Amino acid sequence: MGGALGALFIKAGHPVMFSSRHPENLKDLAARLGPLAQVGTVEQAVAFGDVVVMVVPYTAIEEIGKAHGRAIATKPLVLDICNPIARRDGDALVKWVNEQGGAGLASAKLLPGAHIVRAFNGISYRRVGDIAHRPGGLVGVPIAGDDPKAIALAEGIIRGIGFEPVPVGGLAMGKHLLPGTPLAEEHTPADIRQIAGGLR
Ligand SMILES: NC(=O)c1ccc[n+]([C@@H]2O[C@H](COP(=O)([O-])OP(=O)(O)OC[C@H]3O[C@@H](n4cnc5c(N)ncnc54)[C@H](OP(=O)(O)O)[C@@H]3O)[C@@H](O)[C@H]2O)c1
C-alpha cells in the first residue's frame, strides 16, 4: 500500500522517501518511480518531509513510536493508513486497540503528540492507483483526525492525488475506518457523509 500511495504522491509532484526496516529492498521501487523517489532509513524518512505516511503492520507502530516518536510529533501531519488485523497482528493487539477506543485513538497512544489523520484505510492497494482522478466524480476518502491544521493539510494532499477527502469526525471515529466496515471500499463523497452520519 505504501508503494501504491507513494506512486500517487510522486505523480502529484511530491518528493517521497520510501523506508522500511530493509530500505535496500525498496531501491527498485524508487528507481521505477523516477527522480522524485528516494530510499532511506526510517530515521531519514521521518526527518525527510513535513508529512509522515505510516503504512506498516499495526504492530510496527509501537516500535516506530518508541524509536522515532519525538521526531514524528514535530511533523504537522501523520497520515495513518494502518489497520489492526487479527490474522496478521494477533488477537491480543486487536483487543488492546478496541480497549483504547479503536484504531484512531490507539494510534494516538502509540505516537504521543503526533498530528494524526487516518485515511485510505479501507481502499485496497490494488485499486487506489486505478481509481484516482476518477472521471465523472472523484472517489471519496473518509478521514478522521483531531487536529484541524493536520486535517486541512491532509485534505489538500488527498485532493492533489485525485480523491475527495471527507472528514467524518475526530480520531474516535477512526474505529470506523477499517476494511470490511460500511465506509470501506469505494464510495462517493455524498454516500460517505450519509453512512458516517449514522455511525457513533
Ligand atoms: N494492502 C492494502 O490494500 C491496504 C489498504 C489499506 C490499509 N492497509 C494497511 O496498511 C498497512 C500496510 O499494509 P500492506 O498491505 O502494505 O503491508 P506490507 O505489504 O506487508 O507492507 C508493510 C511494510 O511495512 C514495513 N515494516 C514492517 N515493520 C516495520 C517496522 N517496524 N519499521 C519500519 N517498516 C516496517 C515492511 O518492510 P520491512 O519488513 O522490510 O520492514 C513493508 O514495507 C497495514 O496496516 C494495512 O492494514 C493496507
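Helices (H or I, at least four residues) and strands (E, at least two) are runs assigned by DSSP, and both are numbered from the N terminus. This is a predicted model, in which local features need pLDDT of at least 70 and side-chain atom pairs count only at pLDDT 80 or more, while totals for chains, interfaces and linings use all residues. Residues are numbered from 1 along each chain as its sequence is written, and side-chain values use heavy atoms, with hydrogens and water left out.

Q: Where does His 187 lie, and why is His 187 called buried?
A: His 187 sits in the loop between β7 and α10. Buried means under 20% relative accessible area, exposed over 50%, and partly exposed in between (1.4 Å probe, protein chains only). His 187 has a relative accessible area of 17%, so it counts as buried.

Q: Which backbone oxygens lie by a polar atom of the side chain of His 187?
A: There are those of Pro 182, at 3.1 Å, and Ala 184, at 2.8 Å. A polar contact is a pair of N or O atoms within 3.5 Å; within protein, one must be able to donate a hydrogen and the other to accept it, and residues adjacent in sequence count only if both atoms are side-chain atoms. Both distances are within that cut-off, so both are polar contacts.

Q: What does His 187 touch, not counting residues up to four places away in sequence?
A: Val 139, Gly 140, Pro 182, Ile 192 and Ile 195. Contact here means heavy atoms within 4.5 Å.

Q: How do you know that the buried residues of α10 line one face of the helix?
A: Start with who they are: in α10 (residues 189–197), the buried ones are Pro 189, Ile 192 and Ala 196. Looking down the axis of α10, these residues fall within an arc of 55°, so they line one face. The arc is that of the directions from the helix axis to the C-beta atoms. Their cover includes β6 (140–145) and β7 (164–169).

Q: What makes the buried residues of α7 line one face of the helix?
A: In α7, they are Ala 103, Gly 104, Ala 106, Ser 107 and Leu 110. Down the axis of α7 they fall within an arc of 165°, so they too line one face. They pack against α4, β4 (77–80), α6 and β5 (116–118).

Q: Why is Gln 100 called buried?
A: Gln 100 is in the loop between α6 (91–99) and α7 (103–110). Its relative accessible area is 17%, so Gln 100 falls on the buried side of the cut-off. A polar atom of its side chain is 3.1 Å from the backbone oxygen of Trp 96. Leaving aside neighbours within four places in sequence, Gln 100 is in contact with Leu 105, Ala 106 and Lys 109.

Q: Why does Lys 75 count as buried?
A: Lys 75 is at 11% relative accessibility, so the buried label applies. It lies in the loop between α4 and β4. The backbone oxygen of Ala 47 is 3.5 Å from a polar atom of the Lys 75 side chain.

Q: Why is Arg 87 called exposed?
A: Arg 87, found in helix α5 (residues 86–89), has a relative accessible area of 79%, so it counts as exposed.

Q: What phi do Phe 120 and Glu 185 have?
A: Phe 120 has a positive phi of about 60° although it is not a glycine, and Glu 185, also not a glycine, has a positive phi of about 75°. Most residues other than glycine have a negative phi. Phe 120 counts as buried at 2% relative accessibility, whereas Glu 185 counts as exposed at 56%.

Q: Which residues come nearest to the ligand?
A: Of the 20 residues around it, Met 1, Arg 21, His 22, Val 56 and Tyr 125 come nearest. A residue is near if one of its heavy atoms lies within 4 Å of the molecule or strand in question.

Q: How far is an oxygen atom of the ligand from an N or O atom in the side chain of Arg 21?
A: That distance is 2.7 Å. A ligand oxygen is also 2.9 Å from a polar backbone atom of Met 1, and a backbone N or O atom of Tyr 125 lies 2.7 Å from an oxygen atom of the ligand. The protein covers 74% of the 890 Å² of accessible area that the ligand has on its own. Such areas come from the Shrake-Rupley method with a 1.4 Å probe; for residues, only the protein chains shown count as cover.
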